[in-house]
Amino acid sequence: MKIAVCIKQVPASTDVKLDPVTNNLVRDDAPGVINPYDLHAIEEAVRVKERYGGTITAISMGPPAASEALREAISLGVDEVALISDRSFAGADTLATAYTLSKALEKIGPFDLIICGKQSVDGDTGQVGPEMAQMLNTSLATSVSNIEEVDSGKVILKRMVEDGYLRVEANLPLLITVTKEINIPRTPSLKGMMKAKKEEIPTLSAEEIGADQSRIGILGSPTKVRRVYKPISTGPGQMIEGTPSEAARSLLKKLKESKIV
Ligand code: FAD
């Protein structure tokens with residue numbers, strides 16, 4: 001089975017800086033880590049390979065620094081990696097990101113199973129996986145919390161939904177996005193770390209993946225960020241003591257004093 005994992009490098013801290021003019025994240029001085037959901041995607045790929053055999057390829061679209069995320073993926077059990085990097089990818093929204101990743105997957109694939117995180121912890125849209133499934137014309141299952149079985153071109157899996165689980169049968173080729181509940185990611189082995197240190201990280205440019213220039217970067221991004229701002233802090237909360245009826249009376253008094261009611 002040929003498995004692909006999409007991993008995004010995200011800032012290690014939640015205290016990220018924003019460019020006031022472009023409204024983009026200032027990533028230059030922020031150390032990067034693998035998006036936490038993508039660590040679960042890597043772990044699940046390794047578990048599927050351990051059960052059914054195959055190879056795992058991890059790809060990441062990002063600046064040259066994202067090669068560190070791919071190196072970490074190798075230390076965790078990924079066989080091959082590719083960094084998708086080109087200046088013309090800058091300013092990509094989720095549509096342009098999904099297009100670029102899809103072109104890369106087509107170029108180095110085809111893959112039977114593509115595993116993404118449910119969402120990134122910086123952009124946080126959860127759109128890239130489903131958009132890629134559409135572009136690659138694969139089946140799609142989001143919020144997957146368990147892969148039960150892969151057999152005869154079919155996968156039986158569990159999807160987390162608001163009030164429980166859905167047990168689903170899906171055909172390969174399949175793209176899934178995974179939740180944190182799916183597994184506990186392993187730590188890198190010493191052998192894996194040694195391998196990761198030595199490995200060359202191949203880079204693919206826009207031309208090499210055969211991308212249409214009008215569908216990548218800012219040109220290919222119909223979404224425009226108008227304004228980005230931090231929510232205004234409204235001060236600390238207050239605990240109201242007493243029995244439920246005393247607390248209700250006390251709350252009403254406070255609301256009247258603050259002229260909310
Ligand atoms: P989600 O959809 O939440 O991620 C889900 C999963 O998709 C991840 O777990 C991972 O498996 C996969 N995935 C997502 N992104 C990648 C990736 N890059 N490589 C591999 N796998 C991935 N970002 C910039 O860095 N520079 C910019 O100039 C910039 N401009 C933007 C302009 C606009 C208008 C918008 C809306 C966003 C911009 N972004 C920019 C953010 C960028 O679009 C997102 O980081 C990217 O599209 C991924 O979306 P997301 O983070 O919401 O991913």
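The structure is a predicted model, in which local features need a pLDDT of at least 70 and side-chain atom pairs count only at pLDDT 80 or more, while totals for chains, interfaces and linings use all residues. Residues are numbered from 1 along each chain as its sequence is written, and side-chain values use heavy atoms, with hydrogens and water left out.

**The chain as a whole**

- The secondary structure of the protein chain comes to 6 helices and 13 strands, where helices (H or I, at least four residues) and strands (E, at least two) are DSSP runs numbered from the N terminus.
- Taken along the principal axes, the C-alpha atoms of the chain fill a box of roughly 65 × 45 × 40 Å.
- Of the 261 residues, 38% count as buried; buried means under 20% relative accessible area, exposed means over 50%, and partly exposed lies in between, with a 1.4 Å probe and protein chains only.
- Among contacts (heavy atoms within 4.5 Å) between residues at least 6 apart in sequence, 70% join residues at least 24 apart.

**The nonpolar cores**

- In soluble globular proteins, nonpolar side chains tend to be buried together.
- A nonpolar core is a set of buried Ala, Val, Leu, Ile, Met, Phe, Trp, Tyr and Cys residues joined through side-chain atoms within 4.5 Å.
- The largest such core has 35 residues, of which Ile-7, Ile-42, Ile-115, Val-144, Ile-147, Leu-174 and Ile-176 touch the most other members.
- Helix H1 (residues 36–52) supplies the largest share of this core, with 5 residues.
- Apart from this core lies another one, of 24 residues, which includes Ile-84, Tyr-99, Leu-101 and Leu-175.
- When neighbours within four places in sequence are left aside, Ile-147 is in contact with Glu-44, Val-48, Arg-51, Val-155, Ile-156, Leu-157, Ile-176 and Ile-182.

- The buried residues of H2 are Ser-67, Ala-69, Leu-70, Ala-73, Ile-74 and Ser-75, and what covers them includes strand E2 (9–11), strand E5 (32–34), H1, strand E6 (55–61), strand E7 (80–84) and H5.
- H2 is followed by Gly-77, whose phi is positive, near 120 degrees.
- A pocket is found on a 1 Å grid over the protein atoms alone, as an open set of points where a 1.4 Å probe fits, with protein on both sides within 12 Å along at least five of seven lines; lining residues have an atom within 4 Å of a point.
- The second largest pocket has a volume of about 180 Å³, a volume being the space filled by probe spheres set on the grid points, which are joined across faces, edges and corners.
- Its lining consists of 13 residues, and Ile-74, Ser-75, Gly-77, Ser-189 and Gly-192 lie nearest the centre of the pocket.
- Helix H2 (67–75) and helix H5 (190–198) each supply at least two residues of this lining, and H5 gives the most, with 3 residues.

- Thr-138 lies in the loop between helix H4 (128–136) and E9, and counts as buried at 16% relative accessibility.
- The C-alpha atoms of Thr-138 and Leu-174 are separated by 5.3 Å, although the two residues are 36 residues apart along the chain.
- Ser-143 is found in strand E9 and has a positive phi of about 50 degrees although it is not a glycine.
- Ser-145 is also placed in strand E9 (residues 139–151), where Ser-145 is buried, with a relative accessible area of 9%.
- Not counting residues up to four places away in sequence, Ser-145 touches Lys-158, Met-160, Tyr-165, Thr-179, Glu-181 and Ile-182.
- Ser-152, in the loop between E9 and strand E10 (154–161), counts as exposed at 66% relative accessibility.

- Asn-171 is found in strand E11 (residues 164–171) and is partly exposed, with a relative accessible area of 39%.
- The side chain of Asn-171 makes a polar contact with the side chain of Lys-154 (2.8 Å); a polar contact is a pair of N or O atoms within 3.5 Å, and within protein one must be able to donate a hydrogen and the other to accept it, while residues adjacent in sequence count only if both atoms are side-chain atoms.
- A cis peptide bond joins Leu-172 and Pro-173, with omega about -5 degrees, and Pro-173 lies in the loop between E11 and strand E12 (174–178).
- The peptide bond from Gly-109 to Pro-110 is cis, with omega near 5 degrees.
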